[in-house]
Amino acid sequence: MQQCLDGITDRTAARFRHRDVFSLAEELYARVPRTGEPRAEPKPALPVPRIRAAWALSSLLPGIAAAATTAGTRATHGQPRLLVAAAGIVVIALATRAALRTGPLAVRNGPRRPRPWQGSLLAWTLWLLGYALFGDGLLHDVLTGGPDTLPDGAPGGEWPTATAPALALILALAPAAWCAHLLAAGARRGLAGSRGLGDFTAAARPLLLGTFALFLGALAALLLACGKVLGEPAALPQALTLGALLLLARLLIAHRHRRAPALVLGAAAVTEAVALALPLAGRLPHCHLLALPVRTLTDTLGEPAVPALACGTAALALLLHAGRTLTRASAHAPTGAPE
């Protein structure tokens with residue numbers, strides 16, 4: 001058997017319609033008949049991801065940069081405020097990029113090189129974060145005949161900016177990294193201790209749901225704290241659903257599942273864009289019915305219902321997908337990626 005498997009690579013596994021050699025091994029394991037009691041053999045020691053100072057500290061940098069930017073915009077006015085905001089966005093982007101290149105949230109791809117999916121994922125993520133910052137205020141202005149001015153960064157301005165949820169989401173990168181570490185470490189221990197694929201899946205599913213719930217609890221606490229400090233609404237429904245969506249998408253990407261996050265993030269972003277476009281299109285002659293769905297929804301539940309429904313539905317879809325993919329042994333096999 002060993003001689004037959006010598007030389008098998010991911011390319012060979014692809015010929016048999018499998019994503020990688022670990023997925024092929026799972027099917028072979030399931031197909032081979034077994035009789036009698038299994039022999040007591042020593043369990044192979046799998047490397048359990050360790051806590052490293054590099055990723056533990058880098059996951060804090062985006063939150064520190066976001067807090068400094070928020071303080072700077074609150075202390076300035078006019079053009080200086082715009083300059084501080086622009087500089088802060090650049091620093092936050094660089095810090096986030098550094099935080100996602102190492103540790104449990106890093107893409108486990110081996111060599112780092114550009115991928116076709118990265119551009120679309122980045123665009124959808126930026127749109128969703130931008131909507132969290134400006135979307136509710138913009139939608140309110142659109143529904144009331146505006147907007148008449150550009151955003152000035154002031155919470156009570158003509159185009160209100162939701163600073164508290166945006167700050168909390170960036171600060172949540174640190175607990176997201178720790179939750180991803182707990183998931184990876186628990187899954188590796190489960191791989192070493194399970195006697196079959198069914199045992200591993202049964203142990204991995206509550207582990208995934210537990211770490212997901214832990215992150216939502218940490219994000220809710222950050223939202224409440226940021227709202228209290230900044231004197232703004234915590235925006236729990238829309239921010240919690242967006243945070244859940246971004247965490248699940250990153251976990252799937254880090255474990256080599258990229259197509260579903262790209263499609264689902266894109267669907268959520270397009271839904272928010274359509275919600276903004278329909279009221280604008282309804283201003284055209286004989287097109288007032290186009291704005292009716294959005295107006296009905298916002299009159300009943302308010303402007304936050306749009307991102308909450310869009311991101312909540314997308315997060316639920318990714319959670320179901322993660323429940324099938326991230327509970328498989330092949331998703332947690334060592335690949336030599338940074339952890």
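Visitor: Does A235 count as buried or exposed, going by its relative accessible area?

Guide: Buried is the label for a relative accessible area under 20%. In this predicted model, A235 has a relative accessible area of 16%, so A235 is buried.

Visitor: Where is the place of A235?

Guide: A235 sits in the loop between α10 and α11. Its backbone deserves a look too: A235 has a positive phi of about 55° although A235 is not a glycine.

Visitor: H286 also has a positive phi; what is its value?

Guide: The phi of H286 is about 65°, and H286 is not a glycine either. H286 belongs to the loop between α12 and α13, the latter covering residues 292-301.

Visitor: Stepping back to the fold, how many helices and strands are in the chain?

Guide: The chain has 14 helices and zero strands. Following the sequence, the pattern is α-α-α-α-α-α-α-α-α-α-α-α-α-α.

Visitor: What share of the residues in the chain is buried?

Guide: Buried residues are 41% of the 339 residues. As for the surface, the chain exposes about 18,200 Å², and 67% of that area is supplied by carbon and sulfur atoms.

Visitor: Which residues form a nonpolar patch on that surface?

Guide: The patch consists of L57, L60, L61 and I64, which together have about 390 Å² of accessible area. Take I64 as the example. I64 lies in helix α5, residues 61-75, and its relative accessibility is 54%, so I64 counts as exposed.

Visitor: Next, charged pairs. How many salt bridges does the structure hold?

Guide: Side chains of opposite charge can pair when their charged atoms come close. This structure holds one salt bridge. R74 pairs with E232, and their closest N and O atoms are 2.5 Å apart. R74 is in helix α5 while E232 is in the loop between α10 and α11, so the pair ties together parts that are 158 residues apart in sequence.

Visitor: How do the two partners read: is R74 buried, exposed or partly exposed, and is E232 buried or exposed?

Guide: R74 has 34% relative accessibility and counts as partly exposed. E232 has a relative accessible area of 11% and is buried. The loop that holds E232 is also the place of A235.

Visitor: Another arginine, R81: is R81 buried or exposed?

Guide: R81 is buried, with a relative accessible area of 11%. Its place is helix α6, residues 78-99. The C-alpha atom of R81 is separated by 9.6 Å from that of T69, twelve residues apart from R81 along the chain.

Visitor: How do contacts between distant parts of the sequence show up in the chain as a whole; what share comes from residues 24 or more positions apart?

Guide: Counting contacts with a separation of 6 or more, 79% are between residues 24 or more positions apart. A260 is in helix α12, residues 259-281, and, with residues up to four places away in sequence not counted, touches L318 and H321. A260 and L318 are 58 residues apart along the chain, and their C-alpha atoms are separated by 7.4 Å.

Visitor: Which residues is L297 in contact with, leaving aside neighbours within four places in sequence?

Guide: Those contacts are G302, A305, V306 and L309. L297 itself is in helix α13. Its relative accessibility is 25%, so L297 counts as partly exposed.

Technical notes: Residues are numbered from 1 along each chain as its sequence is written. This is a predicted model: local features need pLDDT of at least 70, side-chain atom pairs count only at pLDDT 80 or more; totals for chains, interfaces and linings use all residues. Side-chain values use heavy atoms; hydrogens and water are left out. Helices (H or I, at least four residues) and strands (E, at least two) are DSSP runs, numbered from the N terminus. Buried means under 20% relative accessible area, exposed over 50%, partly exposed in between (1.4 Å probe, protein chains only). Contact means heavy atoms within 4.5 Å. Accessible areas come from the Shrake-Rupley method with a 1.4 Å probe; for residues, only the protein chains shown count as cover. Patches are made of residues with over 30% relative accessible area and no salt bridge: like charges are joined within 9 Å, nonpolar side chains (Val, Leu, Ile, Met, Phe, Trp, Tyr) within 5 Å. A salt bridge is a side-chain nitrogen of Lys or Arg within 4 Å of a carboxyl oxygen of Asp or Glu.
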